[in-house]
Amino acid sequence: SKCLLFADDLKLFSSMNSNLDAALLQNDLDCLFKWCTVNKLHLNIEKCRILSYTRKSQPLNHVYIINDLVLSHSDSVTDLGIIFDTKLDFSQHINSMVSKAYHRLGILKHKTREFSSEIALKVLYYAHVRSSLEYCSIIWDPKYRNKIEIIEQIQNNFLQYLLYKKNGISYKIYLLPVYVICLIYLVCVPDEMFLVFFYFTR
């Protein structure tokens, strides 16, 4: 198995094509527990989870054990603020992110009812709402139109709020003067930058 380590968070992962692969992963788990015991490191087994990434209708299921405790299987796991699901389509993450963004936008509207400065409103929006929508977008970049639209609707909602502050200006005409770039462009740009970086540094 291979591993990923960040601070005190460790992930073991391997491709599962047969029962032998599952047995090898179990052996690695046993070795990990022995190593932790020898080095007097506490392993919180209750927080350990098994997550399988697959699109197979009948994936290979195996019971994994650490110190005689059966590890529970999970449909999703949150890692550094990103929700990973078994299909890796990030629907759960996008739905959760959008819900939190609307909550933050609601607070922003409530706290800025007396504001008249367009610049101040945009700064607050970028800092407290849009920043959360751009976080790690290179990972969860939506591929389906319906997901893109629900994300863009958050920004449209904010622009409508600015329109409310500037009565009489058409919403479509208003998109250009405020200079707020469409979210989908800022989601795609990091992807392109990553590909360019990967190509020239490999």
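Tutor: Start with a definition. A salt bridge is a side-chain nitrogen of Lys or Arg within 4 Å of a carboxyl oxygen of Asp or Glu. Keep in mind that this is a predicted model.

Student: How many salt bridges does that rule give?

Tutor: The count is four salt bridges. The general idea: side chains of opposite charge can pair when their charged atoms come close.

Student: Now helices. At what angle do α2 and α3 cross?

Tutor: Helix α2 covers residues 91–111 and helix α3 covers 118–134. Their axes cross at roughly 170° and come within 9 Å. Angles over 145 degrees count as roughly antiparallel, so that is how α2 runs relative to α3.

Student: Which residues of α2 and α3 meet?

Tutor: From α2, take M97, A101, R104, L105 and L108. They meet L124, Y125, H128, V129, S132 and L133 of α3. By class, this contact has eight nonpolar, two polar and one charged residues.

Student: Are α2 and α5 parallel or antiparallel?

Tutor: Use the angle again. Helix α5 (residues 145–165) packs on α2 at about 5°, with the axes 10 Å apart. Under 35 degrees counts as roughly parallel, so α2 and α5 are roughly parallel to each other. Among the α2 residues in this contact are I94, V98 and Y102. The α5 side includes I150, I154 and F158. The contact divides into 12 nonpolar, four polar and two charged residues.

Student: What does C48 contact beyond its sequence neighbours?

Tutor: Set aside neighbours within four places in sequence. C48 then contacts I66, L71 and S72. C48 lies in the loop between α1 (19–38) and β3 (49–50). L71 is 23 residues from C48 in sequence, yet their C-alpha atoms are 6.5 Å apart.

Student: Which residues form the nonpolar patch on the surface?

Tutor: F6, L80 and Y135 form the patch. Together they have about 330 Å² of accessible area. F6 belongs to strand β1 (residues 2–6).

Terms used
Residues numbered from 1 in each chain as written. Predicted model: local features only at pLDDT ≥ 70, side-chain atom pairs only at ≥ 80, totals over all residues. Heavy atoms only, no water. Axes fitted to C-alpha atoms, helices over the stretch in contact; angles between N-to-C directions. Helix = DSSP H or I, 4+ residues; strand = E, 2+ residues; numbered from the N terminus. Parallel < 35°, antiparallel > 145°, perpendicular 65-115°, else oblique. Contact = heavy atoms within 4.5 Å. Nonpolar A, V, L, I, M, F, W, Y, C, P; charged D, E, K, R; others polar. Patch = residues over 30% accessible without salt bridge, like charges linked within 9 Å, V, L, I, M, F, W, Y side chains within 5 Å. Areas by Shrake-Rupley, 256 points an atom, 1.4 Å probe, with all protein chains shown as cover.
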